[in-house]
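Keep the 3D view open as you read.

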Amino acid sequence: MIRSVIAGTGSALPARRVSNAELAEQVDTTDEWIVERTGIRFRYIAGPDETTATLAADACRAALAAAGREANDIDLIVLATATPDQTFPASATKVQAMLGINDCVAFDVAAVCSGFLYAVQIADSMIRAGSARRALVIGAETFSRILDWEDRTTCVLFGDGAGAIVLEGEADSERGVLATRLHADGRHNELLYVDGGPSTTGTVGKVRMKGREVFRHAVVNLANVLTETLGAADLTAADVDWVVPHQANARILDATARKLGLAPEKVVVTVDQHANTSAASVPLALDVAVRDGRIKRGDLIVLEAMGGGFTWGAAVVRF
């Protein structure tokens, strides 16, 4: 049996770090208001020369180095993003070119904040099916490009960044992806969306969100999919060493952990430093926890996220 094993992790952040206090000079908000409602203290904002693809490529280089692999060892690139460099071609092909890979399968996945979980399941399926041996699975975003900087209810929530993993097939391994589950419910489009697109307005559009409704759905959906995915792996919450959740809001993280009976110290939290980086948030948080020594080889970790669509999903991985 082939399992998809995480061989290395990497991440990248823009050069510019923006505090709540700096943001309060531009919009009608305060540090206290943001921290109390979201837990966010800082976010990173991409500069003119930083794009989703450049951040993704930097994260990939770090992941490859951690895995001890060369770029040409990769035969699959799956990039989850809602903010591609261009409408087409896929930003994954730009990353491919930046890494100097002459030929491999490369495409983008659009599932917003859940995109990385979707990308993991796709890459895992392709590896287990034998159509790929070693993949770069990436979440990368420049959400600052689609924010309405006059809407304090949304612009304070998001940041830019990228995270990546090297996922490779290993025969008869006890490590790797043990179970994944994905969901979507398009009836909730109006609760979290962008008010533009090539086929409708011909513009990029801006993020719009009804925060209270999103919060309510997030807590229920995330708790349910975590339980479902653990059950598929014949495990329970008591078996989990670390939960690496989508970093949307500290209150969502707390509420989900309580609903599952998980100890708060088992939850990796980076939302205070990075804000919500959409598809990048799970791999970015994973890389932080791996590099600071919290997550170690053999640990059982759960990745989970929910985003616009609504889409949501989880993966159980023996690291």
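Two residues are in contact here when they have heavy atoms within 4.5 Å. Helices (H or I, at least four residues) and strands (E, at least two) are DSSP runs, numbered from the N terminus. What you see is a predicted model, in which local features need pLDDT of at least 70 and side-chain atom pairs count only at pLDDT 80 or more, while totals for chains, interfaces and linings use all residues. Residues are numbered from 1 along each chain as its sequence is written, and side-chain values use heavy atoms, with hydrogens and water left out.

Begin with helix 3 (residues 52–67) and helix 4 (residues 91–99), which pack at an angle of about 50° with their axes 9 Å apart. Axes are lines fitted to C-alpha atoms, for helices over the stretch in contact, and angles run from 0 to 180 degrees between N-to-C directions. Angles under 35 degrees count as roughly parallel, over 145 as roughly antiparallel, 65 to 115 as roughly perpendicular and the rest as oblique; helix 3 and helix 4 are therefore oblique to each other. On the helix 3 side, Ala53, Thr54, Ala56, Ala57, Cys60 and Arg61 take part, and they meet Ser91, Lys94, Val95, Met98 and Leu99 of helix 4. This contact has 7 nonpolar, 2 polar and 2 charged residues. In this count Ala, Val, Leu, Ile, Met, Phe, Trp, Tyr, Cys and Pro are nonpolar, Asp, Glu, Lys and Arg are charged, and the others, Gly among them, are polar.

Now turn to helix 7 and helix 8, whose axes come within 9 Å and cross at roughly 45°. Helix 7 and helix 8 are therefore oblique to each other, and their crossing is right-handed. Among the residues making the contact are Phe215, Leu222 and Leu226 of helix 7 and Ile252, Thr256 and Leu260 of helix 8. By class, the contact of helix 7 with helix 8 divides into 10 nonpolar, 2 polar and 2 charged residues.

Where is space left empty? Rolling a probe the size of a water molecule over the atoms shows this. On a 1 Å grid over the protein atoms alone, a cavity is a set of points where a 1.4 Å probe fits but cannot get out, and a pocket is an open set with protein on both sides within 12 Å along at least five of seven lines; lining residues have an atom within 4 Å of a point. The structure holds 1 cavity of 30 Å³ or more. Leu226 and Thr256 are among the residues lining the largest cavity, and helix 8 gives the largest share of that lining, 3 residues.

Helix 7 also gives the largest share of the lining of the second largest pocket, 6 residues. Of the 24 residues lining this pocket, Leu157, Met209, Gly211, Arg212 and Asn249 lie nearest its centre.

Finally, look at the largest pocket, where 37 residues form the lining and Ala82, Thr83, Pro84, Ile146 and Val204 lie nearest the centre. Strand 9 supplies the largest share, 3 residues. By class, this lining has 19 nonpolar, 14 polar and 4 charged residues.

Note on methods: Left-handed = near helix turned anticlockwise from the far one by under 90°. Points joined across faces, edges and corners; volume = space filled by probe spheres on them.
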